[in-house]
Number of protein chains: 4
Amino acid sequence: MLAALTGKTKKEKGEIMKRPEASIAIQTLPQSVTGDEVLRIVDKVIEYIKSTGLKTVVGPFETVIEGDFEKLMYIAKECQLICIREGAASLLTYIKVAYNPNGGTWSIDEKISKHI
Amino acid sequence: MLAALTGKTKKEKGEIMKRPEASIAIQTLPQSVTGDEVLRIVDKVIEYIKSTGLKTVVGPFETVIEGDFEKLMYIAKECQLICIREGAASLLTYIKVAYNPNGGTWSIDEKISKHI
Amino acid sequence: MLAALTGKTKKEKGEIMKRPEASIAIQTLPQSVTGDEVLRIVDKVIEYIKSTGLKTVVGPFETVIEGDFEKLMYIAKECQLICIREGAASLLTYIKVAYNPNGGTWSIDEKISKHI
Amino acid sequence: MLAALTGKTKKEKGEIMKRPEASIAIQTLPQSVTGDEVLRIVDKVIEYIKSTGLKTVVGPFETVIEGDFEKLMYIAKECQLICIREGAASLLTYIKVAYNPNGGTWSIDEKISKHI
């Protein structure tokens with residue numbers, strides 16, 4: 001599989017696309033707040049994630065972004081600080097990371113475009 | 001918040017929607033297979049999930065469905081058996097469950113429709 | 001690696017041990033209850049898990065058991081029903097599964113005994 | 001509950017114990033390596049975690065540490081870099097975080113000491 005060796009993959013229209021180094025899924029659960037306040041805080045976190053300009057997919061349990069590993073880990077940390085700044089006394093966070101510095105990890109598009 | 005008390009929520013166009021009892025996110029990692037074979041097996045799992053007829057959102061790390069709790073837990077088990085039947089010698093699975101038999105949990109639409 | 005082929009592994013003292021078919025980690029978060037009530041409900045879930053007689057490891061974020069896959073998935077479901085019966089209006093659950101019907105998955109002892 | 005307000009909790013013998021700001025669970029899955037090589041790499045990660053001097057609990061699916069939030073997030077990142085340096089071409093990581101800058105999160109001891 002050439003793609004795996006070169007870190008490149010063919011998009012459907014023939015364009016060559018570089019695979020991202022990493023992708024990360026973040027679920028933040030603000031604690032000690034309820035209902036609409038949870039939604040408001042989670043929306044602030046999503047707003048921040050989108051403001052990074054990285055490819056973003058908002059799912060029902062987690063938000064996924066792809067890009068440089070160090071940057072993604074930094075964003076994961078920031079999301080949690082935003083939760084606290086927005087009023088959560090504490091939080092629980094669930095993070096998944098796919099990281100491949102040797103050729104890149106599957107892109108979000110590769111994983112889900114055919115299922116949408 | 002009336003919605004929380006009644007288990008009902010207003011859709012944007014004024015229609016009343018019943019909240020699902022539960023929603024579940026499933027990520028299955030077939031082991032001892034690689035590359036395209038992983039994708040083929042995961043696609044079989046997603047195909048099965050979609051065949052249940054439940055509201056389905058395929059994300060980069062996990063697939064989410066909503067409905068009756070017992071049914072969702074049954075589907076989570078089946079997904080893993082399908083992985084093995086399709087050729088994975090073993091697997092790792094990551095499952096998230098939101099379950100509220102008293103009024104229903106947030107629906108997938110409530111959680112993500114504004115972010116799409 | 002003979003162990004992987006035969007589903008057997010040597011314990012330190014030379015005894016042959018059968019590997020479990022599966023192991024599962026369960027974290028249940030009762031919602032709409034706080035502080036000591038969360039602990040009381042989680043303790044009830046752990047009490048139930050221990051009552052199954054399966055090898056159990058209670059960790060800070062999750063409880064792990066090993067055994068037959070179908071039985072473990074049944075227990076994972078029961079844990080959530082217990083949470084509700086004990087007074088949580090709703091819950092969030094995080095489950096990890098390792099399943100290998102072909103030779104067995106690593107046992108809890110294989111994974112952690114040297115680190116204790 | 002005074003403990004929640006003061007960030008302190010009574011140990012059984014009357015000693016006052018400061019709650020940690022955060023605790024974090026890390027599961028790293030080295031990819032493209034198998035069997036004993038997975039174990040060797042994961043052991044290197046655990047060795048690194050223990051070398052930080054923080055309270056550490058090694059579980060079958062994840063290793064848990066407690067301490068300062070920023071430090072724990074840094075360690076979570078390092079664990080992944082170690083995996084790659086030790087020979088994994090890529091990896092998947094699962095992280096759980098409990099973070100409470102207002103009074104501290106439950107300590108590992110509070111959560112599990114009665115179950116050991």
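**Exercise 1. Explain why chains A and B are said to meet through the same surface.**

*Solution.* Of the interface residues of chain B, 100% are also interface residues in chain A, so the copies meet through the same surface. The model is predicted: local features need pLDDT of at least 70, side-chain atom pairs count only at pLDDT 80 or more, and totals for chains, interfaces and linings use all residues. Residues are numbered from 1 along each chain as its sequence is written, while chains are lettered from A and ligands numbered from 1 in the order in which they are written.

Step 1. Contact joins 19 residues of chain B with 19 residues of chain A; two residues are in contact if their C-beta atoms, placed from the backbone, lie within 7 Å.

Step 2. At least two residues of this side of chain B come from each of β3 (22–31), α2 (36–51), β4 (56–58) and α4 (108–112). Helices (H or I, at least four residues) and strands (E, at least two) are DSSP runs, numbered from the N terminus. The largest share, three residues, is supplied by α4(B).

Step 3. The superposition of chain B on chain A takes a rotation of 180 degrees with 0.0 Å of shift along its axis (RMSD 0.0 Å). The two copies are thus related as by a two-fold rotation axis. In chain B, the residue closest to the rotation axis is B:Gly59, at 3.3 Å (C-alpha).

**Exercise 2. Determine how strand β6 of chain C is covered and paired.**

*Solution.* Step 1. Ten of the ten residues of β6(C) (residues 90–99) are buried, that is, 20 or more other C-beta atoms, placed from the backbone, lie within 10 Å of their own.

Step 1. One side includes C:Leu92 and C:Tyr94, the other C:Leu91 and C:Ile95, and both faces are covered.

Step 2. Within chain C, β3 (residues 22–31) pairs with β6(C) in the antiparallel sense over ten bridges; pairing requires that DSSP finds at least two bridges between two strands. Here C:Gln31 stands opposite C:Ser90.

Step 3. Strand β6 of chain B is joined to β6(C) by nine bridges, also running antiparallel, and B:Tyr94 has C:Lys96 as its bridge partner.

Note on methods
Copies are superposed by least squares on the C-alpha atoms of residues with pLDDT of at least 70 in both. A residue is buried if 20 or more other C-beta atoms lie within 10 Å of its own, exposed if 12 or fewer, and partly exposed in between; C-beta atoms are placed from the backbone.
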